[in-house]
Amino acid sequence: MAVDPTPVKMRAPNGEQVVTINGSIYTAYSDGYFWIRGADVSEAEGMGFTEFVDMPPGEVGEPALLNYPQQAAFRVGVVNKPVGLEYNEDKEVIIDLSAGNVFHLLLDDDLVLDNPPDLEQYVGLSGVIAIKQDDTGSHSLDFGDVWLFPDGGTAVTADADALDLIRFTVITNDTILAELHNKYGPPVPPSP
């Protein structure tokens, strides 16, 4: 039986950077993967190597690349499209981090950005939430207890049609560090 000579992109089981397979020395690339010759693939599999699975654009990406779970929000080959957020009858917004890491929310009522579920699966994930007041403005946004802000600064801009941005990073299974940036708009010309 002929062995396919095409190299296969694989990851070592213990994060090794240099391995020897059948007398050939392989070095990992910057993404942590090895290109294993076709003749050495079955030996590599026997050593616990796993093959990289290339996903079509828009599908869930390779989790080992960023150490996220299988349902991670990382997408291969495409820009993450903003995911619209909605609220339930209790005026709670619950972010599904498996849907992406770029979100937008129309603030058309006083709402609560609640704690996302399964945070332990997303430790290390960073993202953004664009928050836009509706054309009446003056709506507030409160936060669940896992959301921590510098100096407690969580007041969204109250102006009608105002645009704010939250940058966040999941630090632990019960902590999201976040920064609220207020009142995005066109540049203001300098004073004469």
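User: What is the order of the three strands in the open sheet, and is the pairing parallel or antiparallel?

Analyst: Start with the ground rules. This is a predicted model: local features need pLDDT of at least 70, side-chain atom pairs count only at pLDDT 80 or more, and totals for chains, interfaces and linings use all residues. Residues are numbered from 1 along each chain as its sequence is written, and side-chain values use heavy atoms, with hydrogens and water left out. Strands are DSSP runs of E, at least two residues, numbered from the N terminus. Two strands pair if DSSP finds at least two bridges between them. Here the order is β7-β9-β11, and the pairing is parallel.

User: Which strands stand at the edges?

Analyst: β7 (92-93) and β11 (141-143) do. Each has a single partner strand, so one side of each lacks a neighbour in the sheet. Two bridges join β7 to β9 (residues 111-113). Glutamate 92 has valine 112 in β9 as its bridge partner.

User: How many aromatic pairs are there, and how is one described?

Analyst: A pair of aromatic rings is described by the distance of the centres and the angle of the planes. Rings of Phe, Tyr and Trp (its six-membered ring) pair if their centres lie within 6.5 Å; planes under 30 degrees apart are stacked, over 60 edge-to-face, the rest tilted. This structure holds three such pairs. Phenylalanine 143 and tryptophan 147 have centres 6.2 Å apart and planes at 55°, so the pair is tilted. Tryptophan 147 and phenylalanine 168 are edge-to-face, at 5.8 Å and 75°.

User: Where in the chain do tryptophan 147 and phenylalanine 168 lie?

Analyst: Tryptophan 147 is in strand β12 (residues 147-148) and phenylalanine 168 in strand β13 (residues 163-172), 21 residues apart. Both are buried (under 20% relative accessible area, 1.4 Å probe, protein chains only).

Conventions:
Helices (H or I, at least four residues) and strands (E, at least two) are DSSP runs, numbered from the N terminus. Buried means under 20% relative accessible area, exposed over 50%, partly exposed in between (1.4 Å probe, protein chains only).
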